[in-house]
Amino acid sequence: MNQEVVYYNNSGKDLHTVKLLNWVSAYNKRKSALVYRKLEDRNSDLHFASPEQLGKLLELTIKTSENQPFPIPVISEENFFLPLKEALKPGESITLQLQYRMQLPDKKFTGYGTDGKTTALKYFFIVPDHFDPDNISQRSYNDIEESVSFNTFWTVNFDLPPNSFIEGNLPQIQMNSFKGYLESDPEFIVSDNSLPTMRISVDGTDTEIKFGYPLKPEVKQNLEFYLPLHLKFIKERTGFLPSSLFISDKFRSKEDFFGNNDITFWKFRFQLFTDAEKTDLDYFGIIAKKVLDERIITDKEKDHWFKNGLKSYLEIQYLQKFYKDTKLLGTLPETKIFGVKPLKLFHASNVKLLDRYGLAYQYIMSQNLDQKISEDFSDLSNFNDMAISSFETGSLFNYTADKMGYDQFDTLLRDYIAQNTGKKIAPEDFLHDLAEKDKTSGYLSGFLKQKNRVDFRLKKVKRENDIFNIKIGKNTDLPIPVKLETHTYDGEKKSYWIETEENERIKNLSLPASDDIHKVTLNSGYIFPESKYRDNFLYAKGLFSNTKKIKLKFIKDIPNPEYNEIYISPRVRFNNAYDKFLFGINLKNQSFFDQKFLYSVTPMYSSGTGKLTGSGAVSYSFLPAESIIRSLTFGVSGSYFHYDYGLAYRKGSLFSSISFRKDPRSTVSRSIGFSYNYFERDLSAKMIANKDYGKYNLWSFGYGYSDSRMIHEKSLSLSAQGMEDFNKITAEGFYRWEFAPKQKLSLRLFAGYFVRNDTRNNTFNYGISRVSNYSFSYNLLGESANSGILSQQFILADGGFKSFIPGTVNKWITSFNVDSSVWKIFHVYADAGIYKNKNRPTQFIWDTGIKVRVIPDFLEVYFPIQSSLGFEPSFKDYGRRIRYTLILNLGSIINAARRGWY
């Protein structure tokens with residue numbers, strides 16, 4: 001690479017160093033910011049990459065125009081700081097001559113690099129960085145598509161092999177030569193095959209669209225129809241179109257329409273939208289974002305929300321015009337299975353495509369994992385990049401435009417873009433212009449800088465003669481307007497914008513009444529990011545006047561805020577060898593979205609005993625938006641099941657837990673919990689004779705820390721537990737290291753100590769190879785089984801030994817468990833420990849064996865080999881010594897699947 005850089009000092013102060021970015025080196029270190037970010041996204045490809053897959057600078061010389069070299073101590077750094085002999089005054093320039101050779105990384109890591117057939121070039125040139133106070137701040141590559149070399153004039157000449165093709169976002173002046181100004185960073189695609197281009201004419205002006213990837217014939221045919229519509233629609237609202245647009249494969253993947261893909265299951269494929277509709281939806285967003293990128297220069301880290309929000313605003317406008325009544329699931333609800341349309345049972349089948357913007361915010365906000373819109377982009381979770389930076393901001397822009405008038409909003413947007421062409425903008429100025437045009441949008445500037453929990457509430461609708469007296473409440477002092485609608489039985493709607501004053505939390509108003517009006521709503525269609533919509537609907541007449549209807553549903557669904565929904569679903573599960581299969585029904589109010597108040601009641605019939613069993617729970621969670629606490633939960637629960645043949649237990653619990661706030665990009669979580677439990681057990685004659693515990697109270701307090709990140713996964717738990725006869729403290733640490741792709745080493749350390757132990761038997765002792773389930777918190781198939789396949793179930797708790805080492809511990813125990821991958825699903829394990837019982841000497845125990853991970857973390861089988869007991873395969877009853885784990889927990893599967901998103 002031969003490169004000349006003319007570096008101008010536009011900083012307004014003397015510069016003593018020139019900072020250059022060498023971002024190809026981000027691909028060359030395991031500890032680079034890029035590698036860490038990819039691991040946060042649950043992608044370990046770069047971490048485990050072989051040397052030939054990495055990107056790195058091989059040779060480098062930098063000289064001045066006078067042929068004076070700059071010393072470069074280490075060429076593997078992402079930042080070069082070149083000391084100047086004389087200060088570079090404001091307005092002056094210096095010319096740098098660079099010669100370097102680099103190894104490009106594999107394209108699979110970030111979409112940039114090479115795969116042997118196609119080479120994508122972006123962020124590989126050594127270029128000057130933005131000015132900082134002294135030009136000495138480090139800046140790393142994070143693969144977030146930030147603008148580095150905006151408003152720069154480029155001349156780039158390529159020397160390519162024969163039969164190679166190249167496209168890029170710079171104007172091409174001749175074969176393999178490009179020259180011109182760019183508001184964004186230069187980007188090129190070199191391919192063995194020719195790359196498609198399309199020239200679209202809008203209002204007499206041509207725009208050339210260049211694609212960095214091949215187009216299928218049917219996609220190209222659809223684009224020939226849709227692209228003119230897209231460009232004209234965008235130009236009418238933004239006021240401009242660039243002369244050319246370059247769309248790379250990575251940009252297409254990042255900016256296409258989320259949620260319109262076909263659903264595939266096994267050999268079945270269910271189509272939501274036609275191929276033409278998918279092309280239309282995908283490419284409108286792609287083109288809209290690319291047009292904005294070519295004209296608007298922002299700081300991606302601080303002001304990401306501006307262009308992302310404008311893209312969503314344009315999408316909402318486009319959907320309102322062409323897809324107003326289209327459903328979120330497209331035509332999928334019309335799919336017949338055995339002659340019926342099962343999805344019609346779901347409210348999700350009636351949710352509109354336009355509702356997706358508000359629903360995405362509702363989903364993440366209900367878990368208190370949302371972030372403020374102005375959060376630094378590098379700190380946003382992947383889901384919040386979409387739901388907050390794009391969808392929430394776009395909804396706010398559309399809400400404002402609806403209130404002030406779309407024509408006025410679009411005119412203001414066009415003027416703002418035109419006035420700031422070619423320079424870096426401060427989006428706060430745009431919000432200021434909005435507030436000057438319509439004072440009711442003045443809340444936006446502060447709204448973007450914090451997490452919000454705004455809730456409008458329709459408190460009362462009362463008819464008096466020909467007038468509706470309506471009372472509206474809001475939980476904020478901000479002067480936010482609200483959109484009220486009246487609905488008739490014929491589907492006719494009438495809208496009113498209600499303005500509120502600062503510090504005004506109750507708004508009373510009167511509207512003309514009509515016999516046809518049966519319902520009043522606020523902000524229907526999820527048009528404003530509220531904390532809840534369930535209090536935005538009231539009926540104006542009939543039995544349910546000024547209240548909400550109750551609706552029974554059979555399957556968990558997207559919540560319908562118009563109703564109080566109760567989900568009734570059948571339950572069939574195998575509990576244990578005593579209850580056997582349980583048949584019953586579950587009544588709860590939990591939908592796909594988390595709620596603060598939850599209840600669940602599950603009466604069941606036990607096929608093993610012929611008796612009625614079941615469980616129930618009620619809880620309430622506080623979810624403060626801005627606090628070190630993410631959730632504070634209080635609850636009560638109860639259950640009644642069997643733990644042995646003819647023996648039942650009853651459990652009542654009071655519990656409270658605190659989950660501390662977590663960085664949504666982080667995998668670290670912390671929590672503390674307290675519970676008080678009352679147990680009542682039926683006892684057999686033998687148990688009564690042995691003075692076993694029929695009734696007891698148990699309290700426990702614990703702290704938990706977990707970090708489920710890739711490569712280095714770890715957790716720690718500390719707990720204290722007690723009752724009238726004992727008190728004990730327990731600690732457990734776990735570490736899992738992925739030392740090669742899908743090859744892991746696990747370490748576990750356990751320690752337990754009885755501070756006081758006056759118990760009558762071994763019920764509450766620490767287990768060595770089996771746990772005592774006195775709190776009925778483990779999912780044991782055979783609670784009281786001492787032989788047979790059910791007794792061979794293994795739970796990783798207490799000592800954690802896989803071999804059946806007899807006995808329990810009533811004083812203290814420390815154990816160490818090791819597990820390591822060997823080959824594919826085969827692991828080896830080893831356990832060692834020391835324990836002491838009252839009036840007995842300290843004992844050392846150990847075991848080793850082979851583990852087969854049939855379904856990792858859910859079904860695993862342990863084959864003991866050597867232990868304190870001897871060489872176990874030589875024992876006659878070896879088949880009874882084989883252990884297994886069986887975990888049937890849908891929540892664990894869901895949590896594993898969502899890692900990397902939030």
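This is a guided tour of a predicted model, stop by stop, for use with the viewer open.

Before we set off, note that local features are described only at pLDDT of at least 70 and side-chain atom pairs only at pLDDT 80 or more, while totals for chains, interfaces and linings use all residues. Residues are numbered from 1 along each chain as its sequence is written, and side-chain values use heavy atoms, with hydrogens and water left out.

**The whole protein**

Start with everything shown as a cartoon. You are looking at 12 helices and 45 strands; these are DSSP runs numbered from the N terminus, helices being H or I of at least four residues and strands E of at least two. The radius of gyration is 33 Å, close to the 29 Å from the globule rule for 902 residues, so the protein is as compact as a globular protein of that length. (That radius is taken over C-alpha atoms, and the rule is 2.2 Å times the number of residues to the power 0.38.) Along its principal axes the C-alpha trace spans about 95 × 85 × 55 Å. Of the 902 residues, 50% are buried; here buried means under 20% relative accessible area, exposed over 50%, and partly exposed in between, with a 1.4 Å probe and protein chains only.

**Helix α1**

Now select residues 33-40, helix α1, where L34, V35, R37, K38 and L39 are buried. Step just past the helix to R42, which takes a positive phi of about 65°. A salt bridge here is a side-chain nitrogen of Lys or Arg within 4 Å of a carboxyl oxygen of Asp or Glu, and the structure holds 59 of them.

**K278 and its two partners**

Move on to K278, which is buried at 13% relative accessible area. Its side chain meets that of D262 in a salt bridge, 3.0 Å from N to O. K278 sits in helix α4 (275-295) and D262 in the loop between α3 (249-255) and β17 (263-265), so the pair ties together parts 16 residues apart in sequence. D262 is buried too, at 18%. K278 also meets D275 in a salt bridge of 3.5 Å, N to O. Both K278 and D275 lie in α4, 3 residues apart, about one turn of the helix. D275 is partly exposed, at 42%.

**A three-stranded sheet**

Next, show β19, β20 and β23, an open sheet of 3 strands in the order β19-β20-β23 with antiparallel pairing; strands count as paired if DSSP finds at least two bridges between them. The edges are β19 (456-464) and β23 (506-512), each with a single partner strand, so one side of each is left without a neighbour in the sheet. Neighbouring strands are turned by 20° against each other on average, direction ignored, with axes fitted as lines to C-alpha atoms and angles running from 0 to 180 degrees between N-to-C directions.

Zoom in on β19 and β20 (467-474), which 8 bridges join; L458 has I472 as its bridge partner. In the loop between these two strands you will find N465, which has a positive phi of about 60° although it is not a glycine. N465 is exposed, at 70%.

For a contrast, jump to F776 in the loop between β38 (766-767) and β39 (808-809). F776 has a positive phi of about 50°, and it is buried at 11%.

Strands β30 (612-622) and β31 (629-644) run antiparallel, joined by 9 bridges, and a hairpin connects them through 6 residues. Find V618 and its bridge partner V636 in β31.

The elements giving two or more residues are β30, β31, β33 (668-681) and β34 (695-707).
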